[in-house]
Amino acid sequence: MNRYVEDVIAYVKRKYADQKEFVQTVEEVFASISPVIDRHPEYVKADLLKRMVEPERMFRFRVVWTDDEGRVNTNVGWRCQFNGAIGPYKGGLRFKNNVNESIIKFLGFEQTFKNSLTGLPIGGAKGGSDFDPAGKSDAEIMRFCQSFMSALYRYIGPDIDVPAGDIGVGGREIGYLYGQYRRLKGVFENGVLTGKGLSYGGSLIRPEATGYGAIYYLEEVLKAHNDSLMGKKIAVSGYGNVSWGIMKKAAQLGAKVTYMSGSQGYIHDEEGISTDEKLDFILALRESNSKNLKSYAERFNCEFVEGGKFWGVDDVDIYMPAATQNEVDLEDARKIVKAGIKYYLEVSNMPTTAEAIEYLKENGVIVAPSKAVNAGGVGVSALEMAQNSQRLVWTAEEVDARLKVMMQGIYEKSVDAANRYGLGYDLIAGANIAGFEKVAQAMMEQGIF
Ligand code: NDP
């Protein structure tokens, strides 16, 4: 590895020893871009990598809200404006009790390169809170969102920073957040948030975009291996927003998702989670805030394995982890290899531990990184921003078609970047390099700061 890259990784490990997710992602991205640094000594002179690991700005704020019993609750909120070199900061908000500074920083760092990879002019950001919407009433969630936005509104804007949803932040939360922003600012500036409802400037296909994009990317991988989606069986972790989009697009294109999971166990539905009735059931289950995945098995007469994880099942062709970070460790990777799985596409952010990725690759599994596979979500968010600024509404077909072209572009850019650096068919390194190149160039051209 390039000496400068090694030094910066060592520096980050020392300086941020307590931020394991952040350190892990820096190590992964910078190890990939080492050959780029070899060819660009000017980046070393400009100390580019050390500048890149520091967010341009990061806020931490108090979020106080009153619950239905009249008790006062205090949570912590964050917004990390990681890198604005190529466009306004853009990235989701995550509301979950395990959110901390390390997770926000890792997501913001990843987002920077992912956004660059989409080819659209958007910088990288992330935010959220250790507030968990699960089990909260609608009124409590509204009060929390209003309080969160009261702290954040003066630091965001359509040309400054455009938050969106992530885990725990869906259409309902975005609605409350936008309502409060509009109330405080007194302007109809709907380009300030994406993932909005259709009645006030949301984009068609945005709820499905991440999952649809993942399937379009998968199509490209399969094509490159003289294979196709038709008849393929897929195991997807999670049954959230992203997993649902995967199931829907897979069904439209002749494949089917036969496994899905939640925190409490997994479902095996050999018929495929493909019909409108099943997909609507999942949507309703999520919106109900109920974690009762078992009710799907009861309703559709299939298997529910309580407390189980499906890593290692061999009656599927493709694995797509789409739930959370570090859901697949080395032990799981061994099971996946043993099951003879050929394609492993990360969809959630950093679902695989570093050792597990290494093991999968060494054993011939084709691994695609989440940074590329899930980029359709933020890509369509950028299309939502474009529609808002032009006061236009594109049809579902138009957005879907643009998404498909975007995902094909991301795949091609990744393959091309890995080839240019003599790395062969390495989708992980390719995505990191392609994402890095544009941000690096923009930072160099904008001077030292
Ligand atoms: P949701 O909150 O809608 O869904 C998350 C799902 O993961 C839920 O079904 C949850 O089940 C499940 N889950 C959580 N922990 C575990 C676990 N340990 N084992 C198995 N299942 C688990 O989130 P999204 O679908 O929006 O996001 C999923 C991932 O995709 C995240 O990493 C997110 O950052 C990433 N992503 C999302 C984008 C988007 O457009 N939404 C865009 C790009 C990336 P349960 O309720 O039972 O806990």
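Predicted model: local features only at pLDDT ≥ 70, side-chain atom pairs only at ≥ 80, totals over all residues.
Good morning. Residues are numbered from 1 along each chain as its sequence is written, and side-chain values use heavy atoms, with hydrogens and water left out.

Strand β1, residues 57-66, pairs with β2 in the antiparallel sense over 10 bridges. Two strands are said to pair if DSSP finds at least two bridges between them. Helices (H or I, at least four residues) and strands (E, at least two) are DSSP runs, numbered from the N terminus. Together, β1 and β2 form a hairpin with 5 residues between them, and G70 in the turn has a positive phi of about 85 degrees.

Let us move on to β4. Strand β2, residues 72-83, runs antiparallel to β4 and is joined to it by 6 bridges; here R79 stands opposite G127. Strand β3, residues 89-95, pairs with β4 in the parallel sense over 5 bridges, and Y89 stands opposite G123. β3, helix α5 (residues 101-117) and β4 make a right-handed β-α-β unit. Right-handed means that, with the strands pointing away from the viewer, the path from the first strand over the helix to the second runs clockwise.

How many of the residues of β4 are buried? In this strand, residues 123-129, the count is 7 of 7, where buried means under 20% relative accessible area (1.4 Å probe, protein chains only). In a regular strand the side chains alternate between the two faces of the sheet. In β4 both faces are covered, with G123, A125, G127 and S129 on one side and G124, K126 and G128 on the other.

A pocket is an open set of points on a 1 Å grid over the protein atoms alone, where a 1.4 Å probe fits, with protein on both sides within 12 Å along at least five of seven lines; lining residues have an atom within 4 Å of a point. This pocket is lined by 24 residues, of which E28, A31, I357, E358 and I428 lie nearest its centre. Which helix gives the most to the lining? That is α2, with 6 residues. Among the other helices that each supply at least two residues are α1 (3-15) and α17 (427-445). Thank you.

How values were computed. Buried < 20%, exposed > 50% of the residue type's maximum accessible area, 1.4 Å probe, protein only.
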